Amino acid sequence: MSEFHYKQLQGWEKSKLERLIGNKPICKPIYGMIGHEWSIVSYEWLVDINELSFKLGRTRKTIKNELLRGSYWTLVNKVEDKSTTLNYSKGASDTRHKKMVSSRNLQHTKIVVNKKLKEFVLNLIKNQSLKGIGGRTRIAYKQGLIETTISPTTLYSYIDNIHVEFINYSSLKRRKKHYYRMKYKGKRQNGISIDERPQSINNRTEFGHWEMDLIEGKKGTNVNLLTMSERKSKMGIAVKIRVKSQIFCLTCIHYTPCFF
C-alpha cells in the first residue's frame with residue numbers, strides 16, 4: 001500500500017480520482033427514521049471502491065472519506081425521490097476542506113481564546129479603524145487591562161481568511177472622503193503684475209501699451225512664435241524665434257505688422 005504519511009489525498013490524487021470516476025454517480029443515500037425525522041443512515045456505493053483504492057494506493061476508508069467530502073447532489077435532495085444520487089467533484093472537496101480548516105483555526109484564534117481582548121475590540125470596532133484598534137491594544141496591554149495585543153494585519157487576516165462573525169468589512173468604521181483643491185502659485189516674473197496696471201491702460205485710452213505672448217512650436221523643431229499687440233490700436237506683431245529665452249530689440253528685427 002501507500003507509504004504516504006498524510007491521510008487526505010493531495011491535489012493530483014484528487015484530479016486522478018475525478019478522472020477515474022468521470023460523470024458516473026458515486027453513491028446513493030439510504031434514508032431511515034432517526035427520532036422523528038428522515039436522515040441518511042448509510043450509502044449504497046455505485047463505484048468500485050477496491051479498484052479506486054488499488055489505483056491510487058490508498059486505503060478504502062481514505063477513498064470513502066474523500067468521495068463523501070467532494071460529493072454533491074445530482075438531483076434535488078428529496079426523501080421521496082428514490083433516484084437521487086451523489087457525484088464527485090475535486091472543487092467541492094477543496095471548498096469543504098477550506099471551510100473545515102477555517103473553522104478549526106477559528107477555535108484557536110487569539111481573539112476567540114482571550115475574552116477580554118474580544119470585548120475590547122468589539123467596543124472599538126464601530127468607532128476606530130483596525131490600525132487604531134491595534135495601537136489601543138498596545139496601550140491597554142501596558143496598563144494591564146488585557147492579556148495580549150493584536151495587530152491590524154491579524155485583524156484583516158481574520159476578515160479575509162478565517163471569516164470571524166463579529167469582525168467583517170460591514171462593521172468597520174467608514175472613513176469620510178476628503179476632497180482637497182490643489183493650489184498652484186505661479187512664478188512671479190520680473191516687472192509689475194498685470195493686476196497693478198493703471199486704469200488708463202485698462203480703458204485703452206493711451207497709445208504705447210503692449211501685450212506679449214509666446215506660442216511654442218512643434219516639439220523638436222526649435223521654432224517658436226512671439227506675438228505682441230498694442231492695446232489701443234490693436235496692431236499686432238508676430239516674430240519667429242528659435243530660443244524662448246532670447247532678448248529682442250524691436251529695432252533690429254524684421255517683423256510683419258498685422259491687426260487683430
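How many helices and strands does the secondary structure of the protein chain come to? After that, please look closely at helix H7: which of the residues in H7 are buried?

Author: Happy to! First, a word about what you are looking at. This is a predicted model, in which local features need pLDDT of at least 70 and side-chain atom pairs count only at pLDDT 80 or more, while totals for chains, interfaces and linings use all residues. Residues are numbered from 1 along each chain as its sequence is written, and side-chain values use heavy atoms, with hydrogens and water left out.

The secondary structure of the protein chain comes to 9 helices and 8 strands. Helices (H or I, at least four residues) and strands (E, at least two) are DSSP runs, numbered from the N terminus. Of the 260 residues in the protein chain, 27% are buried. Here, buried means under 20% relative accessible area, exposed means over 50%, and partly exposed is in between, with a 1.4 Å probe and protein chains only.

Now to your helix. H7 has 13 residues, and the reach from its first C-alpha to its last is 19 Å, close to the 18 Å expected at 1.5 Å a residue. That expected span is 1.5 Å times one less than the number of residues in the helix. The buried residues in H7 are Leu 130, Ile 133, Gly 134, Gly 135, Thr 137 and Ala 140. Following H7 comes Gly 144, which has a positive phi near 80°.

Two of those buried residues turn up again in a nonpolar core, so let's define that: a set of buried Ala, Val, Leu, Ile, Met, Phe, Trp, Tyr and Cys residues joined through side-chain atoms within 4.5 Å. In soluble globular proteins, nonpolar side chains tend to be buried together. The largest such core here has 15 residues, and Leu 130 and Ile 133 are among those with the most contacts inside it, along with Ile 111, Val 121, Leu 155 and Ile 167. H7 (130-142) supplies at least two residues of this core, and so does each of helix H6 (115-124) and helix H8 (152-162). The largest share, 4 residues, comes from H6. There is also a second, separate core of 13 residues, which includes Leu 9, Ile 26, Cys 27 and Tyr 88.

Two strands pair if DSSP finds at least two bridges between them. Strand E1 (residues 27-34) and strand E2 (residues 37-45) are antiparallel, paired over 8 bridges. Lys 28, for instance, has Glu 44 in E2 as its bridge partner. E1 and E2 form a hairpin with 2 residues between the strands, where Gly 35 takes a positive phi near 75°. Further along, E6 and E7 also run antiparallel, joined by 6 bridges. The bridge partner of Ser 229 is Gly 236 in E7. This hairpin has 4 residues between its strands, and Lys 234 in the turn has a positive phi of about 60°.

Next come the charged side chains. A salt bridge is a side-chain nitrogen of Lys or Arg within 4 Å of a carboxyl oxygen of Asp or Glu, and by this rule the count comes to 6. In one of them, Arg 69 meets Glu 66 at 2.9 Å, N to O. Both residues lie in helix H3 (residues 60-69), 3 residues apart, about one turn of the helix. Glu 66 counts as buried, at 1% relative accessibility.

Another salt bridge joins the side chains of Glu 211 and Arg 231 (2.4 Å, N to O). This pair links distant parts of the chain, 20 residues apart: Glu 211 is in strand E5 (residues 210-216), and Arg 231 is in the loop between strand E6 (224-230) and strand E7 (235-241). Glu 211 is partly exposed, with a relative accessible area of 32%, whereas Arg 231 counts as buried at 9%.

Finally, the aromatic rings. Rings of Phe, Tyr and Trp (its six-membered ring) pair if their centres lie within 6.5 Å; planes under 30 degrees apart count as stacked, over 60 as edge-to-face and the rest as tilted. By this rule the count comes to 1 aromatic pair. Tyr 43 and Trp 45 form this tilted pair, at 6.3 Å centre to centre and with 40° between the planes. Tyr 43 is partly exposed at 30% relative accessibility, and Trp 45 is partly exposed at 24%.
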